[in-house]
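Please open the model in your viewer and keep the selection tool at hand.

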Amino acid sequence: MRIEDVARLAGVSAQTVSRVLRDPERVSEPVRASVRAAVAQAGYVPNLVAGSLASNRSRIVAIIVPTLANAVHAGSVEGLSDALHAARHEVLVGTTGYDRDRERAVVRAFLGRRVDGLAIAGGVLDPEAAVLLRAAAIPTVQLWELPEAPVDMAVGVRNREIGMAVARHLAGRGRRRLAVVGHAAASDTRAADRVAGFVAEAQRLGLPEPLRLQTARPSALKEAAALLEPLLRGAAPAEAVFCAGDQIAIGLLLGARRAGVAVPERLAIVGVGDSDLAALVSPALTTVRIPRYEMGFEAGRMLLRRLQGETVEPRRVDLGFELMVRESG
């Protein structure tokens, strides 16, 4: 089915059909309705590859996240999509699994498909991927972190300060023996910064150095309960634990309930992300709210402004965070 076939069905020219598909505001409503009816009747799908070659625009923006198993990343994808939809750009999603080689491969694949712009979760990119992005010269926004020298633009939060704020909160609640759970993957620099900030602030406050534990996967709910034993063993068990992500914190909280460990009396638990379950579990999880939807939406706005030829300032946008104090700690 060709555009000429649609034009015959609608009783208009092929140029008018093309204008309705590309720039409908320039065409009267009766003509738009006629063309859309013909498109539906014919089952016509425009050849976007040919159109992008002619215009040098694909009208596709890609977003790369570590995983979609964690709802915090889905929030950023949704925000980006909502910001771009009004400008008739669609979103293509790729995941890295916290693997640098895979990150590089996904960047190559999206650049090869000539996406108009790219959002990527991570402040520290694979060096080769960073070179590719600079060479491609397309608008790029790094999410979730605020690197001092982003590839292009960045919108996120100060993850080290999140860890520091949680340490101050727990110390203010009289907790001295602290623990922190991070992510074993070196490429998860968000979790690493949260852990580093938490440990540094605890030491600054004169507390014993926190016990550090790691998980192989940041969203492993089932593995979290196994952390109880190292947290509570010995003559000086942890009084509070900060988990660098909500899913581990919720898994740990549920495991504590099954084991008869009182939360927060015996063990206070704090997470990061303010996921949908955080306020629903019992006791409700104390956590750090990060504006993940707003992060994606702001990234979309920044990309659109660049695609329209505007200069974007500031190039680094700090959205801040909020400690949601609930029952668990």
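The stops below concern a pair of helices and several salt bridges in this predicted model.

**First stop: two helices.** Select residues 159–172, helix α8, together with residues 189–204, helix α9. Their axes come within 6 Å and cross at roughly 40°, which makes α8 oblique to α9. The crossing of α8 past α9 is right-handed. To view the contact, display side chains on both helices: among the residues taking part are Ile 162, Met 164 and Val 166 of α8, and Ala 196, Phe 198 and Ala 200 of α9. Sorted by class, this contact contains nine nonpolar, three polar and six charged residues.

**Second stop: within α9.** Select Arg 204 and Glu 201, whose side chains form a salt bridge with an N to O distance of 2.8 Å. Both residues belong to helix α9 and are three residues apart, about one turn of the helix.

Glu 298 is buried at 19% relative accessibility, while Arg 301 is partly exposed at 43%.

**Last stop: a network.** Select Asp 101, Arg 104, Arg 108, Asp 126 and Glu 128, which salt bridges link in a network. In total, the model has 21 salt bridges.

How values were computed. Residues are numbered from 1 along each chain as its sequence is written. This is a predicted model: local features need pLDDT of at least 70, side-chain atom pairs count only at pLDDT 80 or more; totals for chains, interfaces and linings use all residues. Side-chain values use heavy atoms; hydrogens and water are left out. Axes are lines fitted to C-alpha atoms, for helices over the stretch in contact, and angles run from 0 to 180 degrees between N-to-C directions. Helices (H or I, at least four residues) and strands (E, at least two) are DSSP runs, numbered from the N terminus. Angles under 35 degrees count as roughly parallel, over 145 as roughly antiparallel, 65 to 115 as roughly perpendicular and the rest as oblique. A crossing is left-handed if the near helix is turned anticlockwise from the far one by less than a right angle, and right-handed if clockwise. Contact means heavy atoms within 4.5 Å. Ala, Val, Leu, Ile, Met, Phe, Trp, Tyr, Cys and Pro count as nonpolar, Asp, Glu, Lys and Arg as charged, and the others, Gly among them, as polar. A salt bridge is a side-chain nitrogen of Lys or Arg within 4 Å of a carboxyl oxygen of Asp or Glu. Buried means under 20% relative accessible area, exposed over 50%, partly exposed in between (1.4 Å probe, protein chains only).
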